[in-house]
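Please open the structure in your viewer and keep the selection tool at hand. The tour below goes from one selection to the next and says what is there.

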Amino acid sequence: MAPLVLGEEAALTGYSQGSAGMCPSTHLQQHACMISLVHSLYLLSPGVKDGRWTVLQLVEALGFSLENTDPRMRGRGIQLLSQVLLQCYSLLQEKEVLHLVLFYESRLQDNHLVIPSVLQGLRALSMCEVLSPGLAVSVLKAIFQEVHVQSLLQLDRHTVYSIITNFMSTREEELKGLGANFTFGFIQVMDGEKDPRNLLVAFQIVHDLIAKDYDLGPFVEELFEVTSCYFPVDFTPPPNDPHGIQREDLILSLRAVLASTTQFAEFLLPLLIEKLDSELQSAKLDSLQTLTACCAIYGQKELQEFLPSLWSSLRREVFQTASEKIETECLTALRALSACLSRSVLSSDSEDLLDSFLSSILQASFLSSPHSNIWLLQDCRHHLCEPDMKLVWPSAKLLQAAAGASLRTYHRISHSVLPLLLEQYTKHTQSSQRRTILEMLLGFLELQQKWGHVEEDESPLLSHQAPVCSVVFSALLDPSVQLQLVGIKALTVLGSLQGFLSSSNLELVVDHLIRLALHEEDSQSSEAAMEAAGSLAPTYPKVFSGHMVPRLEEELQLEREESHHKRHSLQQRCLQALAAVSTHTSIVKDTVPILLQHLQKVQKGTEAKNTQDVISVCQSLHRVALQCQQDAEGCWYFHQTVVPCLLAMAVQAAMPESTHTLPGKALLEEEVLAAMIPVISAATAHLSPELAAQSVSHVVPLFLDGDVSFLPQNSFPCSFQPFGDGEHLEAQRRLVALLMAFVCSLPRDVAIPQQEWLLRELLALSCSSNCPFTATTAAKCFAGLVNKHPAGQQLDEILQLAVNRMEPSLAEGPRRTQALTLLLWVTKALVLRYHPLSSCLTDKLLGLLGDTELGPATADGFSLLMAESPDVLHKGCHADVRIMFRQRFFTDNVPKLVRGFHGAGPDVKANYLKGLSHVLNHLPKPVLVTELPTLLSLLLEALSCSDRVVQLSTLSCLHPLLLEAPQIMSLHVDTLVTKFLNLTSSPTMAVRIAALRCAHALTSLPTTVLLPYKGRVIRALAKPLDDKKRLVRKEAVAARGEWFLLGSPGR
């Protein structure tokens, strides 16, 4: 052991080396007495940690302080020792711990000023691994006997809880040796605790006492009382609370205690019933949630005595409450009670409480007479049979909640309820009443779906198969749309129950679905029938392939002598139904050829109706493609069948002699090509890399080499050269849109053949084409490939080539717009993947904002950079999209936009505002709120801009900020009110609606700030009440109503 000389530390405090001849204890004693506690701790702890001094030497050296007659001096010395121990407790030896424990225990009888420091020392010792057996018990006994814990400050009480927690985690067996005395001692410690920080720890200790099976002895009720006195929790955290303790934390912690043992049941259940009968909504909610938690561990024994009272309270709340939350929690508690009774194992001589409890639900509701203690039974069946059906739904909810607890409860209740519901459905003739009854029946059907198949002999549903089907089918024939919709839902559930529907019933199901899908006037029923067909088709693929698909094909091909509108509407529905039912691979193989055959038929023509027909087929194919994506076999079948066929038809339409006048064919219309893009993209995006590589080896050579060998019906009159020169090839160039849909949707690890050549051709086409559609799709295709291109020299060369091509075109010439489009898409591709060149290209865009010709289009381009693109450069097509790219773009470029705005001339300032507005409008709102103070003045100025796009984008940006940052926005309330009211008279409907929504959102600002403007706003909002557009009037009514209520009591 090194001599106890302070050395360098002494020099720091004015000690000289000449005092080294003094004894070590004298040095340390003077040292401890003369310097501040914090400085002492700074100097002494390292000495103990590195072994130069022992803790016992430290105690000896502190003798002057520890034995001082002044309690403040003693407290200071013990505090210093305790703080050193808290830093060095892991280095203590067993003998040292023993002596320190005895010392600290003796000090528990000292002056109250000393006790906090003593407790800190004991906390340090409670964390020592070398604590001798018996010392933990000794310490706790001393605390229990000598310390009145609740008279201490919060921090000191927390120290006591920490000591107990430490000992419970490391000395469990020793503490259990104390028996019930430990429980009693802790009850004394906790009794009267009020601080939420301490309560969280105390509740955890109680939970551990129960969970780790400590002996509670005769103190179960006392332990319950000392914790249940906080139920229900009534706590509101103070503003700016640094501890972050919420009311919910205390509620959950206390609930974990109360619901941790069955020993509390006889005390807890009466308390819960009492709180359920109170008027306080929060108390009811807490009681219901606690009851639900208790049911997880309770059994019949605990519940038996209280079941009637619990049922009475739950029933009353469901029938009478106006709170949806309380009703939901009541039903959850009822379900938990039923499940608890279902789990209980019965002895041969015990009563089945589940049966009697369910009987009370089925047959009776308990109502207490105000004049007697007699419980009156009122038939629950009566509620289901009431002519006015006032209490039908509450009764049904109670029954369904209990039936959802277990298969046993479901069988018991449904045996009684199903015949009654079927009888009532037949008895009532009004559609509204029938819909209510069928909705209740649907609830029980969904529970059967939850519990599984219906083959069991005791299944109540199977025994009523015929009347159930009859009721559902009759609902489908009813003229009421609402009843039809419930019937379709019920039909879907019945179909999902394997073995319930017979083959004849299945054919009848298909007939009903076809009739509703094709011939029902109301679109809701038609769409619901299609959805139902899609849900049932995977379960019964042969039935739908054999019956529904041929009927739809026949209807699609049938030529009727009807008006064009009716014929077109029927064809539309046939196409939608074919797509909806294509939810199984075997059905897809039947429906896809039908759709393609119809596409070949309708694409021949130039009339507008042909174009719309082609788009409808493409929309149906797109839906089928989406439904196939999760099935590898179906996805590959769709891809290899549809993609070549679409390409073949498009190539055929683009042949020179077929296009006397461009576009000349429906397939070459921009709207049609735009509809074909998602079909090819969806068919490609989910291919495996191997199959995608197989497909790309055919498609890319088609566009680069004109290789049409893989296309069906590949006998074309001339070659296919979409990248060739000449005006006669303009139609073929338009098909680059289909190439874009394919190659930009491929998985990133699929190699594209001749990629460098393809990139050069796309680059040339995007800059040279006179057709905006062709130039844009070529630019998007180029950007999509660049985004996925591996980093390296090849990518750098391609990008440099693109920059060299764009810069001269941007400077001057007839194709500045094409060059700008290419610049925008390439910039987006690089911004998404954090490529270093992206900042350079963004700077070019910022410079173009000052261009009088390209400035407005460039400003709109900032929306393109920030928004999600529907066809390329998104995660669904495997693009390289880095996390938080928008935040990074904002950080890098918004300051530049702001500087550019301040330095720009008056004729181009609007461009900077528009660009800024687009960036902010797509930024995550939490990020925007943090930057709001610096940008709000610019946003307010943007509202004065005459550009409608700027106005709309800025209003969209401000609306959520009014709700999320009211304190900041209230500083500019005068400007906001003025500008919003001015914009409510805008000639653009979308701007008027957005301005009214912002005026409505203003009411979330502090009331005191808004009251001076109340009259002015109400008068101004009277004008849009007479707006010619209904949507504007709707927003005006909502906004004006909120302003009228501003400052009213209770708001």
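Which helix gives the most to the negative patch? Helix H14 (residues 220-228) does, with three residues; helices here are DSSP runs (H or I) of at least four residues, numbered from the N terminus. Before going further, note that this is a predicted model, in which local features need pLDDT of at least 70 and side-chain atom pairs count only at pLDDT 80 or more, while totals for chains, interfaces and linings use all residues. Residues are numbered from 1 along each chain as its sequence is written, and side-chain values use heavy atoms, with hydrogens and water left out.

Select Glu221, Glu222, Glu225, Glu266 and Glu305, which form the negative surface patch (a patch takes residues with over 30% relative accessible area and no salt bridge, and like charges are joined within 9 Å). Glutamate 266 sits in helix H16 (residues 265-276), and it counts as exposed because its relative accessibility is 53% (buried means under 20% relative accessible area, exposed over 50%, and partly exposed in between, with a 1.4 Å probe and protein chains only).

Next, turn to the aromatic rings, of which the structure holds ten pairs (rings of Phe, Tyr and Trp, the last by its six-membered ring, pair if their centres lie within 6.5 Å; planes under 30 degrees apart count as stacked, over 60 as edge-to-face and the rest as tilted). One of these pairs is tyrosine 161 with phenylalanine 186, edge-to-face at 6.5 Å centre to centre and with 65° between the planes. The pair links distant parts of the chain, since tyrosine 161 lies in helix H10 (residues 154-170) and phenylalanine 186 in helix H12 (residues 180-190), 25 residues apart. Both tyrosine 161 and phenylalanine 186 are buried.

Now select glutamate 327 and lysine 397, which form a salt bridge whose closest N and O atoms are 2.9 Å apart (a side-chain nitrogen of Lys or Arg within 4 Å of a carboxyl oxygen of Asp or Glu). This pair links helix H20 (residues 324-343), which holds glutamate 327, to helix H23 (residues 392-403), which holds lysine 397, across 70 residues. Is glutamate 327 buried or exposed? Glutamate 327 counts as buried, because its relative accessibility is 17%, whereas lysine 397 is partly exposed at 28%.

Finally, select lysine 914 and aspartate 860, another salt bridge, with the closest N and O atoms 3.5 Å apart. Lysine 914 is buried at 5% relative accessibility, while aspartate 860 is partly exposed at 35%.

Technical notes:
Patches are made of residues with over 30% relative accessible area and no salt bridge: like charges are joined within 9 Å, nonpolar side chains (Val, Leu, Ile, Met, Phe, Trp, Tyr) within 5 Å. Accessible areas come from the Shrake-Rupley method with a 1.4 Å probe; for residues, only the protein chains shown count as cover. Lys and Arg count as positive and Asp and Glu as negative; His and the chain ends are not counted. The place of a charge is taken as NZ of Lys, CZ of Arg, CG of Asp or CD of Glu. Helices (H or I, at least four residues) and strands (E, at least two) are DSSP runs, numbered from the N terminus.
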